[in-house]
Amino acid sequence: MIRFDQVYKRYANGREALSGLSFSIGDGEMAFLTGHSGAGKSSILKLIALIERPTRGQVFVGNQNTSGIKPRGIPQFRRQLGMVFQDHKLLHDRPVGDNVALPLIIAGYPKREVDKRVRAALDQVGLLGKEKSRPLELSTGEQQRVGIARAVVGKPQLLIADEPTGNLDPDLALETMQLFKRFNDVGVTVVIATHDVHLIDRFAARRIFLADGRVVPPAGGAGEAR
Amino acid sequence: MKLEAWLARHAQTLVGSLGRIVQHPVGAVSTMAVIGVALALPLLLDVFLQNSDAATANWNQAFDISVYLDKKAASSRAPALAKQLRARPDVAAVRIITAEEALAQFRAASGFGAALDALSDNPLPDTLVVTPALSASTPDGTLTLKQAVASLADVQTVQIDTDWVNRLYALLDILRRIVWLTAGLLGVGVILVVGNTIRLDILNRRAEIEVMKLVGATDGFARRPFLYSAVWYGLGGGVMAWGLVALAVALMSGPIDHLASLYGSQFHLRGLRFAQGMAVLGGSVALSWLGSWLAATRHIRGIEPT
């Protein structure tokens with residue numbers, strides 16, 4: 001599903017976030033990207049979502065070489081993946097239902113289909129009945145689940161999340177991770193960037209350790225751990 | 001995308017952008033007011049011109065042509081020529097002033113009675129005063145008529161005081177240009193004002209646009225609400241312009257009717273007709289939409305999620 005091939009990423013300020021990074025994640029796999037801040041976790045997700053482009057090297061997503069996607073093709077590309085953010089990135093002036101419906105409206109689904117799918121997605125994250133609430137009326141954990149519902153409402157084959165549990169207490173963080181695991185159980189490829197190593201120890205999922213923009217062996221182990 | 005869903009989305013965006021304006025009315029209303037005032041100025045000039053055209057159409061007697069007959073012509077020629085001229089479609093009326101009548105008038109008006117008595121015979125010719133038909137009351141029409149009359153037998157001189165009329169028409173032509181120039185400049189002004197308002201709207205909603213782009217919105221999708229906001233700005237501005245013109249006409253019409261009545265004229269000041277008002281609304285919406293399109297296309301392209 002995802003393949004990084006000798007990818008370098010240097011930002012305009014001269015910082016090199018990725019230095020010859022190579023790895024791949026198969027279809028239906030669940031993987032945690034982990035490492036200290038600045039290790040390159042977020043950069044990887046931004047390259048997958050075409051928010052950034054690699055300085056050198058190639059990034060494949062769903063067997064597609066992303067370097068071949070022109071700017072005008074980016075919206076269509078992003079509709080095939082679900083994205084979850086640490087700060088949720090919800091529209092606070094619109095009710096929860098509209099937030100979740102946004103990707104479908106953008107993609108031009110008819111209203112009946114939109115309503116049906118929005119209810120299904122909210123049901124999956126345990127927020128059915130909250131359609132009319134404003135995001136700020138909800139707790140942080142609930143807001144994060146609205147963000148997840150929005151990411152999955154288009155039934156993407158790939159779900160990426162950047163520190164989705166960063167603002168949550170341990171119980172909520174665990175629940176949120178379990179939610180991602182459930183989507184993975186039904187075949188969705190899930191890639192989660194997180195620095196919370198204690199939390200991910202509780203999941204039988206692949207871990208990719210990053211340091212200084214490269215994949216590194218975990219402390220006292222092989223390059224990757226399962 | 002199905003047409004039905006597409007139409008539904010557009011309708012929703014249209015109503016949604018109106019809702020946003022209702023929630024933040026101060027900025028929107030001031031934008032509309034700027035559009036309204038900017039459009040009202042050329043419209044008022046245009047209304048003035050339309051009324052000038054209507055008024056000058058009533059001044060056809062000012063174009064009267066004086067036809068002086070040859071003094072050697074028989075006195076029967078004047079009625080014959082008058083009859084001949086009355087038959088022309090571009091002639092409304094012909095009045096005959098015989099040489100005797102002219103002399104009597106001149107004697108009474110000039111005070112040269114004694115000097116005139118010294119003359120052995122009447123120095124004045126028979127005269128025809130020709131009033132052109134309404135359709136011929138233009139500089140070109142009168143000139144054609146003048147030439148036609150001059151070529152008739154026994155006509156000595158044809159006099160017509162068209163100079164001031166020509167000056168008036170030239171002045172109106174200049175005013176007409178000024179209307180177009182002001183309309184053009186202020187139209188560009190409307191585009192810039194709406195563009196600037198939309199630019200600020202976009203900056204205020206930057207985060208929202210980033211989120212939309214993250215979940216797959218095209219620039220066109222993100223731009224749509226701003227285009228519809230501009231439609232409302234244009235509509236509001238057009239209504240204000242129409243209203244301002246109607247107000248100005250209402251304020252002017254009393255004094256102008258009074259002035260016209262002093263000249264014995266039935267002239268009545270006329271405002272924008274309904275079709276013209278609708279054209280103002282359409283033009284206002286079009287200018288506003290264009291301003292928004294230019295600003296939104298440019299600034300939305302610059303917003304990318306980071």
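These entries record what I looked up in a predicted model with chains A and B.

**Conventions**

I number residues from 1 along each chain as its sequence is written, with chains lettered from A and ligands numbered from 1 in the order in which they are written. Since the model is predicted, I note that local features need pLDDT of at least 70 and that side-chain atom pairs count only at pLDDT 80 or more, whereas totals for chains, interfaces and linings use all residues.

**Entry 1: overall form of chain B**

I began with chain B, which has ten helices and four strands. Both kinds of element are DSSP runs numbered from the N terminus: helices are H or I with at least four residues, strands E with at least two. I read the pattern along the sequence as α-α-β-α-β-α-α-β-α-β-α-α-α-α.

I then looked up the extent of chain B. Its C-alpha atoms fill a box of roughly 110 × 35 × 30 Å along the principal axes.

Of the 306 residues in chain B, 29% are buried. I call a residue buried if 20 or more other C-beta atoms lie within 10 Å of its own, exposed if 12 or fewer do, and partly exposed in between, with C-beta atoms placed from the backbone. Among contacts in chain B between residues at least 6 apart in sequence, 84% join residues at least 24 apart. A contact requires C-beta atoms, placed from the backbone, to lie within 7 Å.

**Entry 2: domains**

I took the domain bounds from an automatic or database domain assignment. For chain B, it gives domain 1 (3–58 + 166–301) and domain 2 (65–159). The C-alpha centres of these two domains of chain B are separated by 54 Å.

Chain A is divided into domain 1 (1–80 + 156–226) and domain 2 (90–155). In chain A, the C-alpha centres of the two domains lie 24 Å apart. Ten residues of domain 1 of chain A are in contact with eleven residues of domain 2 of chain A. On the domain 1 side, helix α6 (residues 170–185) of chain A gives the most, with four residues. I sorted the residues of that side into seven nonpolar, two polar and one charged. For this sorting, Ala, Val, Leu, Ile, Met, Phe, Trp, Tyr, Cys and Pro count as nonpolar, Asp, Glu, Lys and Arg as charged, and the others, Gly among them, as polar.

**Entry 3: contact between the chains**

I found that the contact takes 17 residues from chain A and 18 residues from chain B. On the chain A side, α2 (74–78) and α3 (96–107) are the elements that give two or more residues. The largest share of that side, five residues, comes from α3(A). The chain A side divides into eleven nonpolar, one polar and five charged residues.

**Entry 4: helix α3(A)**

The buried residues of α3(A) include Val96(A), Asn99(A), Val100(A) and Pro103(A). They pack against α4 (111–124) and α5 (140–152) of chain A, together with α1 (3–23), α8 (206–214) and α9 of chain B. After α3(A) comes Gly108(A), with a positive phi near 85°.

**Entry 5: nonpolar cores**

I define a nonpolar core as a set of buried Ala, Val, Leu, Ile, Met, Phe, Trp, Tyr and Cys residues joined through C-beta atoms within 7 Å. The largest core has 104 residues, and those with the most contacts inside it are Ala149(A), Leu159(A) and Ile160(A). Helix α9 (residues 219–262) of chain B supplies the largest share of this core, twelve residues. Leaving out residues up to four places away in sequence, Ala149(A) touches Val100(A), Ala121(A), Leu122(A), Gln124(A), Val125(A) and Leu127(A). A second, separate core has 14 residues, including Ile65(B) and Leu128(B).

**Entry 6: the sheet of chain A**

I traced an open sheet of four strands in the order β2-β1-β4-β5 (chain A), with antiparallel pairing. Pairing requires at least two DSSP bridges between two strands. At the edges stand β2 (16–25) and β5 (64–65) of chain A, each with a single partner strand, so one side of each is left without a neighbour in the sheet. Strand β1 (residues 2–10) of chain A pairs with β2(A) over six bridges. Leu21(A) in β2(A) is the bridge partner of Val7(A).

Methods. Contact = placed C-beta atoms within 7 Å.
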